[in-house]
Amino acid sequence: MNTDAMSANNQAEIDSILARARAGKLPSEAEAALLASFDDTAALAKVAGDLRDQGFRNVMTYSRKVFIPLTHLCRDVCHYCTFAQVPRKVKAPYMSVDEVLEIARHGAAMGCKEALFTLGEKPELRYSAAREALAEMGFETTFDYLVHVAELVFKETGLLPHLNPGTMSDEEIARGRQVSPSMGIMLESASDRLTEKGMPHYGSPDKVPAVRLDTLERAGRAAVPFTTGILIGIGETRLERVESLLAMRDIQLKHGHIQEIIVQNFRAKPETKMAQAPEPDLNELLWTIAVARILFGAQMSIQAPPNLSPGVLPKLVAAGINDWGGVSPLTPDYVNPEAPWPHLDDLARETRSAGKDLHERLTIYPAYAQHYQRWLDQGLHKRVLDWVDADGFPRTDEWSPGEEVLPPETVLNAIKAEPERVSADVAGIIAKAQRAERLDEAEIVRLFQARDDDFSAVVQAADQVREKRVGDTVSYVVNRNINYTNICYFKCQFCAFSKGKLAENLRGRPYDLDPEEIARRTVEAWERGATEVCMQGGIHPEYTGDTYTEILRIVKAAVPDMHVHAFSPLEVWQGAATLELDLETYLSRAKEAGLDTLPGTAAEVLDDEVRALLCPDKINTEQWLQVMRAAHAVGFRTTATIMYGHVERPEHWARHLLRIRDLQAETGGFTEFVPLPFVHMEAPMYLKGQARKGPTFRESILIHAVARLVFNGLIDNIQTSWVKMGHEGVVACLDAGCNDLGGTLMNESITRAAGTNHGQETSPEEMLAMISAAGRTPRQRTTLYADASEERIEAGLTAAELTDIVNTPAKKYERKRKGPLQRPGLIAVSEG
């Protein structure tokens, strides 16, 4: 075969490899070796860029960090390194604890979240000065001291340590895992040739490839999120680079713990043996980045340090990277001191010029933070959960539902900002939703991932759908919440309201309202303009289905015209089960007793993976849907809710919305959809370090907007909760697809028990003010969205002050009623 024919065959094979890579097929070792001889960097970068976009969309990340050079002493003698020094050239063998904490505290004050510990490898094995300094401080090894100071930094400043101590044993990795969410070791190269005499790793025992790969393997077995990478331009060939990448990939395919691959270009430094060595040119760097992306696929984070390639950052993005690594506003890059960090504003600008948006991450990458139970030591859970959103990205403001903190200006501005550049896939999904077509799970998740211009586009599209479906009117209802008992035998991990035998440390004493107090509150509500009482409570072990129907009769006897909106699907299920009735029969009895509509609470998140953590003994997803289907069949209208911002992820939100949408398409029984953000302050699962601190403001706006798009043509009313969002947050939601503010409530106790500071009543006058502030037209409605009568409106506007409520103290906790407690999520267990 002649040379031209061989070249054509190779090109055809390369084209096939790249096509398969673009489709998600990782190249084999033989195929990777063929890529090593392929010089068309532009063709490689085109595939690599497409893969990066598949995995990371338009997001480029960085970690805001401080750099802590714990010791410059090292037993290795890499020929290109200026970080490592001999004892006579350093002020002290190790940084002191005070010096470390001073840097960490300054970094925390500047918004840093990572403390990157870099250090020479095992200097005590080479230098007596290191051994003596360690002994004086009470430590045997450098690693012992590293773990000590990392723990102090975490406990005293909150920064998350990232440890780069070099090669480690199993025991060292286990100890490091207790104090740091991530660790790392640069492989640099898997070529033994580079350790031979005259080569850069000669005389450096820790740079033997097998030793470094062994540490990488050990970290995988220990489930440590890990950083590794290669250093290019130190004498290796392209094939050796590919072999190094493949060696790391083999370990990654076994353990899945490598969270980023760094492609670092060699920079010649004065006073080193390689001071005169040629640096790799830009094409070599771009070629290597592209090949790394192709070999690892769409989901691996590929990083290139921005300070080592000034002026060409958009080209690095085009070659397939998705991360800039750590960038410090405080400390220099001690490994490359000649290369200053870019200013974050400049980095954001260059990133945007490359068609991407810059976002902060933690030292543990988002996908690993989302699955923290697997990847983090339990002692680190709470700190990481406090810092992340549902996507695993850091929270960048102080807002949480229920707290008296104003919404962040950045999000408020983005709601109304004209989007300059909307991702093609987001634009296509929006158009599909605007046509009222059913979105699939992946499409809904993509909308929830929207940031920057995509966020603005989603929110504004939702508001356009709102205007088309329901106009500019914003409705509200004057109502009263009556929570008839806070005693509950269920163990929902998010609930600070219910009281059982072991819950007296939470807010409030156990109570069980007597009939007179229920009737009194109903009458007072009517006198103050209410058209509805909303009634729910804990699942009292003494309650049966007859208890609920008796409560209905009490209300109707007190005020026959009062609309009764009562009983979650859990209460309905429990009521039916205690009377041994099917759902429709029991619901018909409740209807005869005076029930008018049902609230769609107890939904939390309609996904059993989430419910297993939130409320394992409660009704499951299918049971909740069964109650609602039965209620609609009997003729009831109901609401639907979601409680979000705790342990779930965007895919769970998507499944929840689709399940509601599909049932609505079947029955048409839902009047409105109500997103309820998790209020964390007093929630048991948060206090135990097992939940995030509610959704971010961006997520809260998005869930209302995405719900509007998903339910287009099926559910016209999207409600926002002033109790949880606050008045300023509610006004923002009115620009994101919402058209209803829910009820005035009069006595809101469930969310207040969880810690909200937004009060227990919003008067009709305050409702009018909020709606007017949004430039919309107010309308007082009934539960079923008819106009409230003039008489009811006038009564609400001239209402007297509420009288103090009386929560009838519960007499006993002990059960008297025989038979099993109904725990639909579990097998019913007899407790007497």
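1. Ground rules. The model is predicted, with local features needing pLDDT of at least 70 and side-chain atom pairs counting only at pLDDT 80 or more, while totals for chains, interfaces and linings use all residues. Numbering runs from 1 along each chain as its sequence is written, and side-chain values use heavy atoms, with hydrogens and water left out.

2. The largest pocket. Let's start here: the largest pocket holds about 940 Å³ of space. (A pocket is an open set of points on a 1 Å grid over the protein atoms alone, where a 1.4 Å probe fits, with protein on both sides within 12 Å along at least five of seven lines; lining residues have an atom within 4 Å of a point. Grid points are joined across faces, edges and corners, and the volume is the space filled by probe spheres set on the points.) Its lining runs to 33 residues, and those nearest the centre are Leu-358, His-359, Thr-396, Thr-410 and Asp-452.

3. Who builds that lining. At least two residues each come from helix H12 (344-353), strand E9 (357-361), helix H16 (409-416), helix H19 (453-470) and helix H28 (697-710). (Helices are DSSP runs of H or I with at least four residues, strands are runs of E with at least two, and both are numbered from the N terminus.) H16 has the largest share, with five residues. Sorted by class, the lining of the largest pocket has 15 charged, twelve nonpolar and six polar residues. (Ala, Val, Leu, Ile, Met, Phe, Trp, Tyr, Cys and Pro count as nonpolar, Asp, Glu, Lys and Arg as charged, and the others, Gly among them, as polar.)

4. A residue to look at in that pocket. Asp-452, one of the residues nearest the centre of the largest pocket, sits in the loop between helix H18 (441-448) and H19. Asp-452 has a positive phi of about 55° despite not being a glycine. Most residues other than glycine have a negative phi. With 33% relative accessibility, Asp-452 is classed as partly exposed. (Under 20% relative accessible area is buried, over 50% is exposed, and partly exposed is in between, using a 1.4 Å probe and protein chains only.)

5. The second largest pocket. This one has a volume of about 780 Å³. It is lined by 31 residues, with Gly-55, Phe-56, Gln-299, Ala-367 and Gln-370 closest to its centre. Elements giving two or more residues to this lining are helix H3 (41-56), strand E1 (59-71), helix H9 (238-255), strand E6 (258-265), helix H13 (366-370) and helix H26 (650-667). H13 gives the most, with four residues. By class, the lining of the second largest pocket has 15 nonpolar, twelve polar and four charged residues.

6. Helix H20. Residues 515-527 form this 13-residue helix, which reaches 19 Å from first C-alpha to last, close to the expected 18 Å. (The expected span is 1.5 Å times one less than the number of residues.) Glu-517, Ile-518, Arg-521, Thr-522, Glu-524 and Ala-525 are its buried residues. Seen down the axis of H20, they fall within an arc of 165°, so they line one face of the helix. (The arc is that of the directions from the helix axis to the C-beta atoms.) Turned away from that buried side are the exposed residues Glu-516 and Glu-527.

7. Around H20. Its buried residues pack against strand E11 (479-483), strand E12 (532-536) and helix H21 (545-558). (Contact means heavy atoms within 4.5 Å.) Just after H20, Gly-529 takes a positive phi of about 100°. Gly-529 is also among the contacts of Arg-792, together with Trp-526, Ala-530, Thr-531 and Gln-780, leaving aside neighbours within four places in sequence. Arg-792 itself lies in helix H32 (residues 790-797) and is buried, at a relative accessible area of 4%.

8. Helix H8. The buried residues of H8 are Pro-209, Arg-212, Leu-213, Thr-215, Leu-216, Glu-217, Ala-219 and Gly-220. Their cover includes helix H7 (170-179), strand E5 (226-232), H9 and E6. Just after H8, Ala-223 has a positive phi of about 55°.

9. Lys-122, in the loop between strand E2 (114-119) and helix H5 (128-137), is not a glycine but has a positive phi of about 45°. Glu-243 belongs to helix H9 and counts as partly exposed at 41% relative accessibility. Glu-243 and Ser-191 are 52 residues apart along the chain, with 8.0 Å between their C-alpha atoms.
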